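User: Hello! I am new to this structure and would like to learn how to read its features. Could you show me?

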Amino acid sequence: MIAFIDDHREAHGVEPICKVLPIAPSTYHDHVAKRIDPSRLSARAKRDEALKDEVRRVFEANFRVYGVRKIWRQLQREGFDVAPLVIIKFFRSPVIENEKQRAIMTRRTSGRRLIRHAGGRVPAYSDEAGHRRGTR
């Protein structure tokens, strides 16, 4: 939505576009301010920016075949305190573009156990992954 508003703000203005879209003008202006001044980002966002480069470095250094678990273990060996779910978030975003993505770890919605999903798409719900508890 932010990109759409950026593209059309000259012709229509921010407030009229925000009236039509489900976004407040203050939210748009906050995103723009954070883009201009990265010091306004939250501590988590700043840490994610720093970790993106490290995750990408480990992924590229290992011929783009390392998965979430191996990247996580390598970063642990190098002294980074990072959770596997953070690396999963990077795999789902365009930070890591893995053409040969054989398996991605994802969290089950009905439990806390991590499951592996083969294929190019990460299931949004555990029912899509084929892992159900009992019958309906």
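Analyst: Let us begin with how helix packing is described: axes are lines fitted to C-alpha atoms, for helices over the stretch in contact, and angles run from 0 to 180 degrees between N-to-C directions. Helices (H or I, at least four residues) and strands (E, at least two) are DSSP runs, numbered from the N terminus. In this structure, helix α5 and helix α6 (residues 84–92) pack with axes 9 Å apart, at an angle of about 125°. That makes α5 oblique to α6, where angles under 35 degrees count as roughly parallel, over 145 as roughly antiparallel, 65 to 115 as roughly perpendicular and the rest as oblique.
A word on the source: this is a predicted model, in which local features need pLDDT of at least 70 and side-chain atom pairs count only at pLDDT 80 or more, while totals for chains, interfaces and linings use all residues. Residues are numbered from 1 along each chain as its sequence is written, and side-chain values use heavy atoms, with hydrogens and water left out.

User: Which hand does the crossing of α5 and α6 have, and which residues make the contact?

Analyst: A crossing is left-handed if the near helix is turned anticlockwise from the far one by less than a right angle, and right-handed if clockwise. For α5 and α6 the crossing is right-handed. Contact means heavy atoms within 4.5 Å. Here, α5 contributes Val68, Ile71, Trp72 and Leu75, and α6 contributes Pro84, Ile87, Ile88 and Phe91.

User: At what angle do α4 and α5 pack?

Analyst: Helix α4 (residues 43–61) packs with helix α5 (residues 68–77) at an angle of about 110°, and their axes are 10 Å apart. That makes α4 roughly perpendicular to α5. The crossing of these two helices is right-handed. On the α4 side the contact uses Glu54, Val55, Val58 and Phe59; on the α5 side, Ile71, Gln74 and Leu75. By class, the contact of α4 with α5 holds 5 nonpolar, 1 polar and 1 charged.

User: And how do the axes of α4 and α6 cross?

Analyst: The α4 and α6 axes come within 10 Å and cross at roughly 75°. That makes α4 roughly perpendicular to α6. From α4, Arg44, Asp48, Leu51, Lys52, Val55 and Phe59 meet Val86, Ile87, Lys89, Phe90 and Phe91 of α6. This contact of α4 with α6 counts 7 nonpolar, no polar and 4 charged residues.

User: Is Asp48 buried or exposed?

Analyst: Buried means under 20% relative accessible area, exposed over 50%, partly exposed in between (1.4 Å probe, protein chains only). Asp48, in helix α4, has 13% relative accessibility, so Asp48 counts as buried. Leaving aside residues up to four places away in sequence, Asp48 touches Val86, Lys89 and Phe90.
Glu49, also found in α4, is partly exposed at 41% relative accessibility. A polar contact is a pair of N or O atoms within 3.5 Å; within protein, one must be able to donate a hydrogen and the other to accept it, and residues adjacent in sequence count only if both atoms are side-chain atoms. The Glu49 side chain makes such a contact with the side chain of Lys52, at 3.1 Å.

User: What phi does Phe63 have?

Analyst: As a general idea, most residues other than glycine have a negative phi. Phe63 is not a glycine, yet its phi is positive, about 60°. Phe63 sits in the loop between α4 and α5 and is exposed, at 72% relative accessibility. Arg64, in the loop between α4 and α5, has a positive phi of about 60° although it is not a glycine. Arg64 is partly exposed, at 25% relative accessible area.

User: How many helices and strands does the protein have?

Analyst: There are 7 helices and 2 strands, in the sequence pattern α-α-α-α-α-α-β-β-α. Of the protein's 136 residues, 29% count as buried.

Technical notes
Ala, Val, Leu, Ile, Met, Phe, Trp, Tyr, Cys and Pro count as nonpolar, Asp, Glu, Lys and Arg as charged, and the others, Gly among them, as polar.
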